[in-house]
Amino acid sequence: MRIQILANVSNGITLPINYNHLLVGAIYRFLEESNPEYADFLHDEGYLAAEKRFKLFTFSQLMAERRRITGEQIHFRSTLTWFLSSPMEQFLSHFADTLLTQGRLSVGQHRLKIIDVNIPRTPSFQSEMEFRCLSPIVMSAVREHDGKRRTHYCLPDDPQLSELIRQNLIRKHEAIHGCTPQDDTLTFRFDDNYIRRKQGRVTRLVDFKGIKIRGILCPFRVSGSMALIQTGYECGFGDKNSAGFGMVEV
């Protein structure tokens, strides 16, 4: 399930181009206002599966018809659209409770008036679907380089990308439902034609609190388990979803 938020920027606002951490802060402040215990649980622990912990939520980039990037800043001059998604009803209910009570969204130093809050229609999940990114998809793996184990961010042509995403979705499914899906098949592939049209420029480097994260903004096709596809739609494809990565739409 997901919610769509429309916020008024009045005469416009300016944010740092790397603003993901500001949105994460806004989310946890809303959860803290509604239910401090749940906010602490999600921040400090999260949901466990296969010795990994997941927050099980994701969010989109901020979208606006009128925006301009200047250096390290982004200027928004029209209504902001922002999506949040989670399979956990508790998360969305606590977030929406504070959002509707306060009627404002704090992003950095800006307090934006909420114009509208909607619940978009959930798509009918099929065994083969195409999606586009609302935030970059990140898939990381620890690999050896020059004799040292380092975090590697997969590019679209990485031969292990599809399998890494499949394994990641299986663990998320287990964290949500307490079990792995009966059908755990999944094939993931970015759109080669789109990559050629963009001359390969489909990655984005995001600075998240000093950590450089390489993500991919490119349509993709996924086929296999409908349960895993739904998991990706609800809490994000790839990893680092709770930092604002991996949100998609049909």
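1. Basis of the note. This is a predicted model, in which local features need pLDDT of at least 70 and side-chain atom pairs count only at pLDDT 80 or more, while totals for chains, interfaces and linings use all residues. Residues are numbered from 1 along each chain as its sequence is written, and side-chain values use heavy atoms, with hydrogens and water left out.

2. Helix 2. Helices (H or I, at least four residues) and strands (E, at least two) are DSSP runs, numbered from the N terminus. After helix 2 comes Gly 46, whose phi is positive, near 80 degrees.

3. Four strands form an open sheet in the order 14-17-11-18, with antiparallel pairing; two strands pair if DSSP finds at least two bridges between them. The edge strands, each pairing on one side only, are strand 14 (186-190) and strand 18 (248-249). Strand 11 and strand 18 run antiparallel and are joined by two bridges, and Val 248 in strand 18 is the bridge partner of Cys 133. Helix 6 (residues 226-235) packs on the sheet, touching strand 11, strand 14, strand 17 and strand 18, and its direction makes about 145 degrees with that of strand 17. For such angles, axes are lines fitted to C-alpha atoms, for helices over the stretch in contact, and angles run from 0 to 180 degrees between N-to-C directions.

4. Salt bridges. The structure holds eight salt bridges, each being a side-chain nitrogen of Lys or Arg within 4 Å of a carboxyl oxygen of Asp or Glu. One of them joins Arg 221 and Glu 128 (2.6 Å, N to O), and this pair links distant parts of the chain, with Arg 221 in strand 17 (residues 220-224) and Glu 128 in strand 11 (residues 128-133), 93 residues apart. Arg 221 is partly exposed at 38% relative accessibility, as is Glu 128 at 46%, and a network of salt bridges links Glu 128, Glu 130 and Arg 221. Another salt bridge joins Arg 166 and Glu 163 (2.8 Å, N to O), both of which lie in helix 4 (residues 161-177), three residues apart, about one turn of the helix. Here Arg 166 is buried at 17%, whereas Glu 163 is partly exposed at 33%.

5. Cysteines. With a disulfide taken as a pair of cysteine sulfur atoms within 2.5 Å, the count comes to zero disulfides. The sulfur of Cys 154 lies 14 Å from the closest cysteine sulfur, in Cys 133, which is too far for a bond. Cys 235 is likewise in no disulfide, the nearest cysteine sulfur, that of Cys 179, being 14 Å away. Cys 154 counts as buried at 1% relative accessibility, and Cys 235 counts as buried at 1%.

Key
Buried < 20%, exposed > 50% of the residue type's maximum accessible area, 1.4 Å probe, protein only. Contact = heavy atoms within 4.5 Å.
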